[in-house]
Amino acid sequence: MSENLLQFVRWLVISTTLMQSNVICGRESNFRAIFNFGDSNSDTGGLSAAFGQAPPPNGITFFHSPKGRFSDGRLIIDFIAKSLGLPYLSAYLDSVGSNFSHGANFATAGSTVRPQNTTKSQSGYSPISLDVQFVQFSDFKTRSKLVRQQGGVFKELLPKEEYFSEALYTFDIGQNDITAGYKLNLTTEQVKAYIPDVLGQFTRVIKGVYEEGGRSFWIHNTGPLGCLPYMLDRYPMSPAQMDEFGCAKPFNEVAQYFNKRLKETVGKLREELPEAKITYVDVYRVKYTLISHAKKYGFEKGVIACCGHGGKYNFNNRERCGASKRKNGREVVIAKSCKDPSVRIIWDGIHYTEAANNWIFLQIVNGSFSDPPTSLGVTNSRSWKTEF
């Protein structure tokens with residue numbers, strides 16, 4: 001397929017999805033703010049604020065410089081915020097130039113639901129686990145009310161008290177809880193065995209947010225772990241364990257097991273929290289559909305990372321996206337971006353490109369992959385045609 005034809009197919013698919021979204025979601029949003037909890041799939045600068053900025057070429061596509069996101073551009077949470085007519089979320093941990101008037105992002109890359117008995121330097125996991133994120137949220141809510149009373153700029157940069165009950169609470173976390181077990185050389189059955197405890201701790205946080213006044217919850221399940229280069233590179237599989245699209249079946253099966261239990265957990269939460277509106281979003285199915293039918297949707301090289309260096313998947317854990325080496329007295333980037341991230345799905349071996357994130361968002365915005373089939377409001381849906 002020629003490059004021009006490939007681009008036309010992508011435009012046609014996106015335009016069709018947009019028209020569908022326009023019909024279903026062409027209403028003003030009732031959400032006045034977003035409060036997000038999660039890991040790197042929705043981190044808009046938390047880890048970067050605490051431990052140093054994600055290096056270039058992260059951010060190259062949309063922001064044209066690093067913006068705390070592990071992607072070439074925007075994440076799904078960015079598209080959600082934009083669709084609701086709200087600003088992109090500032091990371092709670094980022095004190096420079098942040099505006100929290102319409103919400104805050106407590107996610108950090110490497111976060112888990114369960115606190116990890118290790119340091120970030122040892123394992124790469126963030127110390128800002130979900131329980132810590134909830135403590136930060138609770139403190140933020142309390143202090144926002146007090147600080148707004150000071151007036152002036154503080155009143156403008158923090159959410160109004162009523163926004164906390166009128167907000168959308170988004171969650172995208174759990175992937176790192178699964179990988180943590182494999183890093184400890186646990187078997188798949190041992191990983192499955194601790195998932196109920198992970199979801200028990202997840203439940204406590206949801207209930208905590210509910211007690212703080214949260215009523216609208218948007219919960220993503222975890223994606224196809226077996227399609228990510230960092231897992232494929234670290235844990236090689238036999239041909240029999242790989243599917244026809246280059247994904248490792250055992251890891252995807254564990255992700256699906258986690259998702260099944262998560263959906264059951266959400267069902268129980270609905271019974272226990274009668275005033276809550278809890279939407280479970282099957283992003284696994286969307287992401288796997290994109291990877292397994294990449295060419296159909298105008299993408300290429302499904303499981304191969306766009307930004308990286310060497311190896312079968314253009315991924316080297318010791319030389320990740322943006323890694324550099326000193327040559328002839330100069331720092332030279334060796335893990336570079338591919339020529340055109342807009343036709344690639346996987347950005348750096350772990351995360352998705354802006355193009356993929358946008359495509360995924362367009363599939364979930366109208367509720368087609370949600371239980372119940374809840375749509376998000378789009379304030380200016382026509383503008384989406386210019387985003388690609």
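Cys307 is buried, and Cys321 is buried as well. These two cysteines are joined by a disulfide, with 2.1 Å from S to S. The structure is a predicted model, and a search of the whole of it finds three disulfides and 13 salt bridges.

**Disulfides**

- The link of Cys307 and Cys321 is right-handed, with 90 degrees about the S-S bond. Both cysteines of this pair lie in the loop between helix 11 and strand 6, 14 residues apart.
- Cys306 is joined to Cys338 by a disulfide with an S to S distance of 2.0 Å. The link of Cys306 and Cys338 is left-handed, at -90 degrees about the S-S bond. This pair links distant parts of the chain, 32 residues apart: Cys306 is in the loop between helix 11 (283-292) and strand 6 (324-327), and Cys338 is in the loop between strand 7 (330-333) and helix 12 (354-364). Cys306 and Cys338 are both buried.
- The sulfur atoms of Cys227 and Cys247 are 2.1 Å apart and form a disulfide. About its S-S bond the angle is 110 degrees, and the link of Cys227 and Cys247 is right-handed. Because Cys227 lies in the loop between strand 4 (216-220) and helix 9, and Cys247 in the loop between helix 9 and helix 10 (249-272), the pair ties together parts that are 20 residues apart in sequence. Both Cys227 and Cys247 are buried.
- When bonded cysteines are counted along the chain, the disulfides follow the pattern 1-2, 3-6, 4-5.

**The largest pocket**

- The volume of the largest pocket is about 750 Å³. Its lining consists of 31 residues, of which Leu47, Lys120, Gly124, Arg320 and Ile350 are the closest to the centre.
- Four helices each supply at least two residues of this lining: helix 2 (46-51), helix 4 (120-123), helix 7 (175-183) and helix 9 (229-234). Helix 4 gives the most, with four residues.
- By class, the lining of the largest pocket has 13 nonpolar residues, 13 polar residues and five charged residues.

**Helix 12**

- Helix 12 is mostly covered, with eleven of its eleven residues buried.
- The buried residues of helix 12 include Glu354, Asn357, Trp359, Phe361 and Gln363.

- Side chains of opposite charge can pair when their charged atoms come close.
- The side chains of Lys207 and Glu272 meet in a salt bridge, at 2.5 Å from N to O. This pair links distant parts of the chain, with Lys207 in helix 8 (residues 188-211) and Glu272 in helix 10, 65 residues apart. Lys207 is partly exposed, at a relative accessible area of 28%, and Glu272 also counts as partly exposed, at 44% relative accessibility.
- Glu319 and Lys325 form a salt bridge in which the closest N and O atoms are 3.1 Å apart. Glu319 has a relative accessible area of 14% and is therefore buried, since buried means under 20%. Lys325 counts as partly exposed, at 41% relative accessibility.
- Arg326 and Glu331 form a salt bridge whose closest N and O atoms are 3.4 Å apart. Arg326, at 58% relative accessibility, counts as exposed, whereas Glu331, at 48%, counts as partly exposed.

Note on methods: Residues numbered from 1 in each chain as written. Predicted model: local features only at pLDDT ≥ 70, side-chain atom pairs only at ≥ 80, totals over all residues. Heavy atoms only, no water. 1 Å grid on protein atoms, 1.4 Å probe; cavity = no way out; pocket = protein on both sides within 12 Å on 5 of 7 lines; lining within 4 Å. Points joined across faces, edges and corners; volume = space filled by probe spheres on them. Nonpolar A, V, L, I, M, F, W, Y, C, P; charged D, E, K, R; others polar. Disulfide = S-S within 2.5 Å. Buried < 20%, exposed > 50% of the residue type's maximum accessible area, 1.4 Å probe, protein only. Salt bridge = Lys/Arg side-chain N within 4 Å of Asp/Glu carboxyl O.
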